[in-house]
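Got a model on the screen and wondering where the labels come from? Let's go through a few of them.

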Amino acid sequence: MGLFRSFDISASGMTAQQFRADIIAENIANVNTTRTTNAGTPYRRKIVNFQEKQLNTFDRYLTESRRRGSHIGNGVKVNAVGEDTQTDFIMDYDPSHPDADENGYVSYPNVNIVTEMTDLIDASRAYEANTTAFDASKAMAQAGLQVGK
């Protein structure tokens with residue numbers, strides 16, 4: 001494994017987690033959005049899906065492990081940003097609201113602040129773990145450079 005490859009893996013993890021935190025912030029910002037401009041429906045919670053970069057087949061793993069002696073992943077990338085269609089909208093009785101239906105109920109986004117904050121803590125910890133791994137790789141590189149002195 002090349003030293004710079006470990007930097008790339010940690011950096012891809014940090015980038016992915018930063019994007020995830022941005023989507024979580026968007027969800028929180030739209031917690032009271034009862035009508036979107038494109039569909040006229042309440043905002044739907046967004047979810048980020050990750051995928052390993054350059055998915056390798058088992059045959060490639062086997063070939064690489066024979067060549068280099070070990071295998072390391074290729075990092076992570078954002079595969080898709082989907083909408084949460086599993087969770088229903090939150091219905092609240094407010095007949096004076098402009099978006100109330102004929103029964104007086106308003107559909108609010110399926111965003112739960114507790115879930116979003118938990119996901120944000122998870123993204124923050126994952127970002128922090130990637131930062132720690134990056135710093136460890138940097139310390140090893142610096143120690144390697146000091147060997148020649």
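**Patch and salt bridges**

Phe-19, Phe-50, Val-78 and Val-81 make up a nonpolar surface patch with about 280 Å² of accessible area together. This is a predicted model, where local features need pLDDT of at least 70, side-chain atom pairs count only at pLDDT 80 or more, and totals for chains, interfaces and linings use all residues. Residues are numbered from 1 along each chain as its sequence is written, and side-chain values use heavy atoms, with hydrogens and water left out.

Q: Why is Val-78 called partly exposed?
A: Val-78 has 32% relative accessibility, and partly exposed lies between buried (under 20%) and exposed (over 50%), using a 1.4 Å probe and protein chains only. So Val-78 counts as partly exposed.

Q: What makes the contact of Asp-122 and Arg-20 a salt bridge?
A: The N to O distance is 2.9 Å. A salt bridge needs a side-chain nitrogen of Lys or Arg within 4 Å of a carboxyl oxygen of Asp or Glu, so Asp-122 and Arg-20 qualify. The pair links distant parts of the chain, with Asp-122 in helix H3 (residues 113-147) and Arg-20 in helix H1 (residues 3-29), 102 residues apart.

Technical notes. Patches are made of residues with over 30% relative accessible area and no salt bridge: like charges are joined within 9 Å, nonpolar side chains (Val, Leu, Ile, Met, Phe, Trp, Tyr) within 5 Å. Accessible areas come from the Shrake-Rupley method with a 1.4 Å probe; for residues, only the protein chains shown count as cover. Helices (H or I, at least four residues) and strands (E, at least two) are DSSP runs, numbered from the N terminus.
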